Amino acid sequence: MAYLLLRMKHIESVRRSGASAEYLRERAQVSQKTCEHLGFDFIDLCRSVTTGEMLWLLKGSADKVILLQRLMDKTGAYESITCEVLEPMAALIKADEDLKTIAPTFVPPDQDEIDRMLLDE
């Protein structure tokens, strides 16, 4: 399973209203329930001191990230929503076997005739 880092920048009116501890507790609960409903393990809700963005740390399949982003985008409460998918090293090692079977059939777009002749030898 991948780690997912969702970055959300709220619109100005949300940033102004979100100062109280009660509001933050409520948002954390809503965020956790939403993520669990979609099958993610909710790790934490954080705020970036550098960018002011809210960050959701999740674990799970990236399959439903688009659904989560669309759900949040439809609210109009965010200026931007992005997601980084972080694959653990164990997953990369496991994927190496699949890569070995796929690689010989892939022709890169920059391969020219000389490259093909050298590969054939």
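This is a predicted model: local features need pLDDT of at least 70, side-chain atom pairs count only at pLDDT 80 or more; totals for chains, interfaces and linings use all residues.

Visitor: Why is Ile 43 called partly exposed?

Guide: The relative accessibility of Ile 43 is 47%. Buried means under 20% and exposed means over 50%, with partly exposed in between. Because 47% falls between these limits, Ile 43 counts as partly exposed.

Visitor: Which residues does Ile 43 touch, not counting those up to four places away in sequence?

Guide: Ile 43 touches Tyr 3, Leu 57, Leu 58 and Lys 59. Contact means that heavy atoms lie within 4.5 Å. As for Gln 29, 14 residues apart from Ile 43 along the chain, the two C-alpha atoms are separated by 12 Å.

Visitor: What lies between E2 and E3 in the hairpin they form?

Guide: Six residues lie between the two strands. In the turn, Gly 52 has a positive phi of about 80 degrees.

Visitor: What makes E1 a partner of E3?

Guide: E1 and E3 share seven bridges in the antiparallel sense, and pairing requires at least two. In these strands, Leu 4 stands opposite Leu 58 in E3, and Met 8 stands opposite Met 54 in E3. E1 is also joined to strand E4, residues 78–86, by eight bridges, and these strands run antiparallel. There, Tyr 3 has Leu 86 in E4 as its bridge partner.

Visitor: Why is E3 described as mostly covered?

Guide: Five of the seven residues of E3 are buried.

Visitor: Why does Ser 31 count as buried?

Guide: Ser 31 has its place in helix H2. Its relative accessibility is 4%. The cut-off for buried is under 20%, so Ser 31 counts as buried. Leaving aside neighbours within four places in sequence, Ser 31 is in contact with Phe 42, Leu 45 and Trp 56.

Visitor: Why is Asp 63 called exposed?

Guide: Asp 63 lies in the loop between E3 and H3. Its relative accessible area is 67%. Exposed means over 50%, so the term applies to Asp 63. The C-alpha atoms of Asp 63 and Asp 98 are separated by 19 Å, and these residues are 35 apart along the chain.

Visitor: Which residues of H3 are buried, and how do you know that they are on the same side of H3?

Guide: The buried residues in H3 are Val 65, Leu 68, Gln 69 and Met 72. They cover an arc of only 95 degrees around the axis, which puts them on the same side of H3. An α-helix has 3.6 residues a turn, so residues three or four places apart point the same way. On the other side of H3, Ile 66 and Arg 70 are exposed. The cover over the buried residues of H3 includes E1, H2, E3 and E4.

Visitor: Where is the centre of the largest pocket, in terms of the closest residues?

Guide: The largest pocket holds about 440 Å³ of space. Of the 22 residues that line it, the closest to its centre are His 10, Val 14, Tyr 23, Arg 27 and Met 54.

Visitor: Which element gives the most to the lining of the largest pocket?

Guide: H2 gives the most, with six residues. E1, H1, H2, E2, E3 and H3 each supply at least two residues of this lining.

Visitor: How many residues of this lining are nonpolar, how many polar and how many charged?

Guide: The lining of the largest pocket divides into 13 nonpolar, six polar and three charged residues.

Technical notes. Residues are numbered from 1 along each chain as its sequence is written. Side-chain values use heavy atoms; hydrogens and water are left out. On a 1 Å grid over the protein atoms alone, a cavity is a set of points where a 1.4 Å probe fits but cannot get out, and a pocket is an open set with protein on both sides within 12 Å along at least five of seven lines; lining residues have an atom within 4 Å of a point. Grid points are joined across faces, edges and corners, and a volume is the space filled by probe spheres set on the points. Helices (H or I, at least four residues) and strands (E, at least two) are DSSP runs, numbered from the N terminus. Ala, Val, Leu, Ile, Met, Phe, Trp, Tyr, Cys and Pro count as nonpolar, Asp, Glu, Lys and Arg as charged, and the others, Gly among them, as polar. Buried means under 20% relative accessible area, exposed over 50%, partly exposed in between (1.4 Å probe, protein chains only). The arc is that of the directions from the helix axis to the C-beta atoms.
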